[in-house]
Amino acid sequence: MGHVSAAERLRIRVDAVRLRRAARGTVRTRQSARLQSLLSTVRSESRFYRRLYADLERPLTLDSLPPVTKPELMAAFDDVVTDPAVDRAGVDAFLADRDAVGERFLGRYPVWTTSGTTGEPGVFLQDDRALVAADAVGDRWMLPAIADVDVLARLVRARGRLAEIAVGGGHFAAASGVELLRREHPLLRDRVRLVDADQPLPDIVAELDAFRPAILIGYATVLLALERAQRAGRLSLDPAYIAPTGEAILPAQKVRLRETFGCPVRETYGATEFYGLATECGHGNLHANTDWAILEPVDEDYRPVPPGEPSETVLLTNLANRIQPLVRYDLGDSVTMHADRCPCGSHFPVLEVEGRQGDVLTFESRAGERVPVFPLALSTVVEETPGVVRCQLRQTGPRTVRVRLDAADGADQTAVWPRVEAALADFFAARDLPVAAELSAETPRRDPESGKYRYVWSDAP
């Protein structure tokens, strides 16, 4: 199950590129056909969806289907998946083996985990069609960006080397995806590398300077720190293409990256559930890849939000993945979908993403130096601590950070705090930072003024 032939892979990739300038009706036709195929699969092969849709009138339409949440899907994991050989116990045993990062569960399915930043950790299997489709929709927007003599020359000089900056050490999408490439494609083994964001900035700079990638993908906060290092002469990269991902980035920040590194910069919006949700075009707009992923901006009651207005959350229907189907899945992001056509000429809708809110924190070392710590690296330390469902971290001083926690199964936060405190102590000790972590009496919550949910920020003078 889930195998895609070489001919089908090529067809998917060619089709994705051709659709970039296709008429709106052509894109909708492709989406509609894939949706009907998906619904046929889930009704016949997923016990969870068969029960969920049992009393609904036929024919099924997307807006008639009930939304689903991550906790629902995780609780019914064995009934959601469509391969009877897959069960949660077996998947959990696979995930417990860190040496298996980049391998396929049962030899067939990559398994990726989320860190729990939207309130509930998730486990998601991928099949071949999902992997190929997500890559293909990214290529659709990247290929025009690199179709330049200077850019192509850089790619050739660097032998196409690619570095992805992300949190490693687990079965996360980036870490596992990079290792999967290296394991299954020997020619890429020395040309693709994961640069762990969970290390001090000087170490990231040194690793990239030695590797010299042509394509640089990573968290926006880290890329902006690298941009400052490049301007200061501490880094000397000559990339052909940069793709900020994982965090919100401002247009002015992308301009800085483009001017400092002298190459195309294209933002990517993705998730573990489907990493090719939207990609930036040459006019600076994110385009939702609606031929393979349907995104429905909705309010808190799952009612549609009009174009031009930010949503409370967004429902994702992954049209590619059959092993663990996602139909009207609550992704948890606030997005704004626009009705106006982009000047680039594409009919794929323009999307704005609120994104995860996080500041780069600056702590004081023992020698009195200012040391940056990146938000995703820090929050992941807490979120990956057993028993933690969600967290917020607030810097309160040059050497102090206060932590808000939600514990699993409604447990008291003090029960998991000793483990969190120890994990943070190890994190800061590895950077020689004398930072004290304190447990807040408050649990995670949205900002009362902006309504935004921030994960990492600073209130330090």
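Strands here are DSSP runs of E with at least two residues, numbered from the N terminus, and two of them pair if DSSP finds at least two bridges between them. The model is predicted.

Start with residues 274-280, strand β8. Six of its seven residues are buried, so β8 is largely enclosed by the rest of the structure.

Three bridges join β9 to β8, and the two run antiparallel.

Alanine 271 faces phenylalanine 274 of β8 across the pair. Between β7 and β8 there are two residues, and the strands form a hairpin.

Move on to the open sheet of three strands, ordered β10-β11-β12 with antiparallel pairing. Its edge strands are β10 (293-298) and β12 (329-330), each pairing on one side only. Select residues 313-318 to show β11, which is joined to β10 by six bridges. Within that pair, leucine 295 stands opposite leucine 316 of β11.

Last, select Arg21, Arg24, Arg28 and Arg341, which gather in a patch of positive charge on the surface. Arginine 24 lies in helix α2, residues 24-45. Is arginine 24 buried, partly exposed or exposed? Its relative accessible area is 34%; arginine 24 is therefore partly exposed, as that class runs between the 20% and 50% cut-offs.

Key. Residues numbered from 1 in each chain as written. Predicted model: local features only at pLDDT ≥ 70, side-chain atom pairs only at ≥ 80, totals over all residues. Heavy atoms only, no water. Patch = residues over 30% accessible without salt bridge, like charges linked within 9 Å, V, L, I, M, F, W, Y side chains within 5 Å. Areas by Shrake-Rupley, 256 points an atom, 1.4 Å probe, with all protein chains shown as cover. Salt bridge = Lys/Arg side-chain N within 4 Å of Asp/Glu carboxyl O. Lys, Arg positive; Asp, Glu negative; His and termini not counted. Charge placed at Lys NZ, Arg CZ, Asp CG, Glu CD. Helix = DSSP H or I, 4+ residues; strand = E, 2+ residues; numbered from the N terminus. Buried < 20%, exposed > 50% of the residue type's maximum accessible area, 1.4 Å probe, protein only.
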